[in-house]
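Dear colleague,

I am handing over the structure below, and after it you will find what came out of going through it. Please read the notes with the structure open beside them.

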Amino acid sequence: MDRAILHVDMNAYYASVEELHHPEFAGRPLAVGGDPEARHGIVLTANYPAKRLGVKTGMALWQARKACPTVIFVPPRMDLYLRFSRLARDIYREYTDLVEPFGIDESWLDVTQSLSCKGSALSIAEEIRARVRHELGLTVSIGVSFNKIFAKFGSDYKKPDAVTTITRENYKDIVWRAPAEDLLYVGRATIRKLHTLGIHTVGDIATAEPDLLLSQFGKMGLVLWSFANGTDASPVSPYEAESPIKSIGNSTTTPRDLTDENDVRLVLLLLSESVAARLRENHFVGRLVGIYVRDNELCSFTRQKKISIPTNISEEIADYATDLFRQNYAWERPIRSLGVRVGQLQPDAYCYQMDLFTDEVLREKQLKVDIAVDGLRNRFGHDCILRGRMYFDRYLSGLDAKAEDHMVHPHSYFEAGNRTGSEELLFHMKQEDDV
Amino acid sequence: MEEAKNKVYVDVTAEFTPDGFLRPLCIVWEDGVRYEIDRVLHRERCASRKAGGAGIMYTCMVRGKHIRLFYEENYKWFVTRNTDEGC
Ligand SMILES: [Mg+2]
């Protein structure tokens with residue numbers, strides 16, 4: 001029996017969440033973007049009125065303003081978007097435990113096992129669409145099909161607030177007639193090459209000789225061929241296995257240059273506290289800690305390391321970050337910017353392997369302290385409780401770590417492996433070209 | 001960023017029922033006046049386009065009038081300003 005797969009895409013996501021929270025801007029062009037301090041901020045998402053007037057994702061703010069002088073810019077609020085993303089997935093999970101996030105605003109659902117009690121795939125899709133609109137005030141477009149790739153195609157086909165079904169009967173009429181670039185992972189470099197081969201539509205890819213695609217694109221050519229033919233058998237992975245985002249980080253340009261390790265430790269602590277608080281707020285732990293360092297001549301580098309026990313504890317993250325810094329900086333020059341990032345995220349309810357040399361009792365205490373501090377800060381503001389160290393330099397520790405740029409990175413389709421028939425090679429392929 | 005002006009966060013006293021439901025008992029309006037909730041008529045997950053936000057909406061009976069009280073996804077309570085005078 002064919003699988004029943006849904007791909008749910010929240011439309012103009014960041015902008016829609018902002019629109020919901022700003023009823024005073026209803027119907028007006030709005031774009032989420034920009035880093036308040038940097039003049040070179042970019043548009044992350046535009047709402048539909050702004051899109052119609054020519055505002056596009058990735059545009060510089062000044063370009064957007066030029067295209068559409070009446071556009072309203074609002075700064076991004078990642079925590080809010082993460083929360084609504086989780087609320088949406090809570091709805092999806094009422095229909096199946098197979099919910100695989102793809103970035104913050106998209107998910108695949110395998111509802112094959114739910115058909116007997118929840119009705120047809122189409123009626124499930126309609127119900128989800130209506131519920132997200134009613135309960136969260138957001139619109140989604142949903143593709144329904146027998147594989148993940150066509151389901152994704154379907155959610156792009158008609159939007160916003162729509163459901164498209166791609167069946168074995170209609171896929172040649174709908175998917176095959178679309179331009180090749182509408183297929184997942186056909187990017188700009190690939191499309192140029194396809195055009196020189198006389199391949200313009202998805203159908204052209206599907207009916208091309210696999211040998212030709214292999215010789216031109218390597219294994220990725222075969223992957224595209226299986227995508228286009230609807231034979232991709234990649235499963236929808238269970239919800240718990242993966243977090244919808246890759247990492248949470250925070251960086252800051254310090255109020256004065258940092259000249260010694262005390263300065264650095266203080267700022268790394270501040271950054272780690274804010275990163276750890278956001279991990280906890282969104283129920284993640286991570287097993288990768290990274291730092292970013294830029295000196296006062298603007299030379300910069302990043303370093304990261306894997307840690308054995310995933311964490312969301314402020315002190316631990318700060319310790320890893322400090323170690324990384326010590327191992328990699330020789331103090332040629334004072335430092336102007338620092339960043340801390342935690343990656344390889346997983347839900348905090350997930351189990352992990354303890355080890356003999358880690359003091360779990362201490363970790364539990366540290367986590368309890370962190371959670372207590374979160375509670376206090378939520379009620380009385382960040383400065384209501386500070387580490388003693390912060391009082392050595394209130395000028396430096398007064399920097400607002402929370403307001404700085406928040407890095408959130410989506411996952412790739414191939415990260416959990418693939419079932420296209422060439423999965424073992426895919427992982428290497430994804431770095432290449434424009435994948 | 002200033003919040004929408006139709007959205008009024010309020011103090012709420014609530015209780016958990018033995019079967020795990022969160023039930024609001026009274027609210028304190030922004031002028032400090034306390035309003036007992038006589039009855040919760042209805043409870044559903046819902047977005048408020050007027051106030052701007054989403055959460056669990058309680059339709060409540062207060063002094064003979066219906067009000068809509070939202071328990072927002074950030075764990076705060078709000079009321080839409082002009083659902084009713086004063087409340
Ligand atoms: Mg989207």
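**The interface between the chains**

In this predicted model, chain A and chain B bury about 1,400 Å² between them, with 57% of that area on carbon and sulfur atoms. The contact draws 17 residues from chain A and 19 residues from chain B, and the model as a whole scores ipTM 0.87 and pTM 0.69.

Across this interface the rule finds one salt bridge, in which the side chains of B:Glu73 and A:Arg83 meet at 2.3 Å, N to O. The search across the interface of chain A and chain B also gives five residue pairs in polar contact, both residues being at pLDDT 80 or more. On the side of chain A that touches chain B, the elements giving two or more residues are helix H1 (13-21), helix H4 (78-92) and helix H6 (121-136) of chain A, and the largest share, four residues, comes from H4(A). The residues of that side divide into nine nonpolar, four polar and four charged.

**Salt bridges within the chains**

Over all chains, a search of the whole structure finds 37 salt bridges. One of them joins A:Asp374 to A:Arg280, with the closest N and O atoms 2.7 Å apart; this pair links distant parts of the chain, since A:Asp374 lies in helix H15 (residues 360-380) of chain A and A:Arg280 in helix H13 (residues 261-281) of chain A, 94 residues apart. A:Asp374 counts as buried because its relative accessible area is 19%, under the cut-off of 20%, and A:Arg280 is buried as well, with a relative accessible area of 9%.

In chain B, the side chains of B:Glu72 and B:Lys7 meet in a salt bridge at 2.7 Å, N to O, and this pair too links distant parts of its chain, with B:Glu72 in strand E7 (residues 65-72) and B:Lys7 in strand E1 (residues 7-9), 65 residues apart. Both B:Glu72 and B:Lys7 are buried.

The side chains of A:Asp90 and A:Arg93 form a salt bridge at 3.3 Å, N to O, and here A:Asp90 is partly exposed, at a relative accessible area of 32%, as is A:Arg93, at 36%. There is also a network of salt bridges that links A:Arg265, A:Glu273, A:Glu315, A:Asp319, A:Arg377 and A:Arg387.

**Confidence in chain B**

Chain B averages a pLDDT of 87, and 89% of the residues score at least 70. Over residues 83-87 of chain B, however, the pLDDT is below 50, and this stretch has eleven contacts in the model beyond near neighbours in sequence.

With best regards

Conventions
Residues numbered from 1 in each chain as written. Chains lettered and ligands numbered in written order. Heavy atoms only, no water. Salt bridge = Lys/Arg side-chain N within 4 Å of Asp/Glu carboxyl O. Buried < 20%, exposed > 50% of the residue type's maximum accessible area, 1.4 Å probe, protein only. pLDDT = per-residue confidence, 0-100. Contact = heavy atoms within 4.5 Å. Buried area = accessible area lost by both parts, 1.4 Å probe. Polar contact = N/O pair within 3.5 Å; in protein donor to acceptor, adjacent residues only side chain to side chain. Nonpolar A, V, L, I, M, F, W, Y, C, P; charged D, E, K, R; others polar.
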